[in-house]
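The following exercises are to be worked with the sequence and the model at hand.

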Amino acid sequence: MAINNLQEKMIHGLGDMYDAEHQFLEAQQEILPQANSQTVKSLLEQHIAETEQQITILEQVYEVLGESPERIKCTGAAGIVSEGQKTLKEVSKSPALVDLAIAGGCLKVEHYEIASYRALITGAQQTGQTEVAQLLQQILRQEEQTAQKIEQSSPELYQQAISKGARA
Ligand SMILES: [Fe+2]
């Protein structure tokens, strides 16, 4: 699909993220039963709930723009999801490594989302679409907080893996 102006670029970027959030939601629901530690389970559960909210906020953005929500296949998100699934298969024999792989995959998701939303927010601000920028800021704040939570819980997950003899 050709993109010829800033408004089309904004709609395309939103469609990418609307699709990415759906892909990430499905992937998180799929991996939840594989999580072992309470830390990773709660991280996933909380982020599943937040992703559902974020999808609703994106729908509000479409409403402000007078457009209907439309998923545009996000190949970046698909790549992160399939890489995460591949890693999970590779570590499947060690529960502690599974937890680390889930946390690591989720952190990649968060940073991909943070970069994407920051770019969309700059676009909205520079084109005077204040309400759109504010809605997207709400999503960005959640993504930043989630990334921070994952980063803070990573040392504990490493220590769990070490205590279970995963150091080798
Ligand atoms: Fe998200």
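This is a predicted model: local features need pLDDT of at least 70, side-chain atom pairs count only at pLDDT 80 or more; totals for chains, interfaces and linings use all residues.

**Exercise 1. State which residues of α5 are buried and what covers them.**

Step 1. Apply the burial criterion: a residue is buried if 20 or more other C-beta atoms lie within 10 Å of its own, exposed if 12 or fewer, and partly exposed in between, with C-beta atoms placed from the backbone. In α5 the buried residues are Val132, Leu135, Leu136, Ile139, Gln142, Glu143, Thr146, Ile150 and Leu157.

Step 2. Identify the cover. It includes α2 (38-65) and α4 (95-126), where contact requires C-beta atoms, placed from the backbone, to lie within 7 Å.

Step 3. Turn to the segment after α5 (130-163), where Ala168 is found. Ala168 is exposed because 3 other C-beta atoms lie within 10 Å. Its C-alpha atom is separated by 24 Å from that of Ile150, 18 residues apart along the chain.

**Exercise 2. Describe α2 by its span, its buried residues and their packing partners.**

Step 1. The 28 residues of α2 should span 40 Å at 1.5 Å a residue, and the end C-alpha atoms of α2 are 40 Å apart, which agrees.

Step 2. Val40, Leu43, Leu44, His47, Thr51, Gln54, Leu58 and Val61 are buried in α2. These residues pack against α1 (6-31), α4 and α5.

Step 3. Gly66 follows α2 and has a positive phi, near 70°.

**Exercise 3. Determine how α3 and α4 are oriented and which residues join them.**

Step 1. Helix α3 (residues 75-90) packs with α4 at an angle of about 170°, their axes being 9 Å apart. Axes are lines fitted to C-alpha atoms, for helices over the stretch in contact, and angles run from 0 to 180 degrees between N-to-C directions. The two helices are therefore roughly antiparallel, a term for angles over 145 degrees.

Step 2. On the α3 side the contact is made by Gly76, Ala77, Ile80, Gly84, Thr87 and Leu88, and on the α4 side by Val98, Ala101, Gly105, Lys108, Val109 and Tyr112.

Step 3. Thr87 counts as partly exposed because it has 17 C-beta neighbours inside 10 Å. Not counting residues up to four places away in sequence, Thr87 touches Ala101 and Gly105.

**Exercise 4. Summarise the whole protein by its elements and burial.**

Step 1. The secondary structure comes to five helices and zero strands; helices (H or I, at least four residues) and strands (E, at least two) are DSSP runs, numbered from the N terminus.

Step 2. Of the 168 residues, 32% count as buried.

Key:
Residues are numbered from 1 along each chain as its sequence is written. Two residues are in contact if their C-beta atoms, placed from the backbone, lie within 7 Å. Angles under 35 degrees count as roughly parallel, over 145 as roughly antiparallel, 65 to 115 as roughly perpendicular and the rest as oblique. The expected span of a helix is 1.5 Å times one less than its number of residues.
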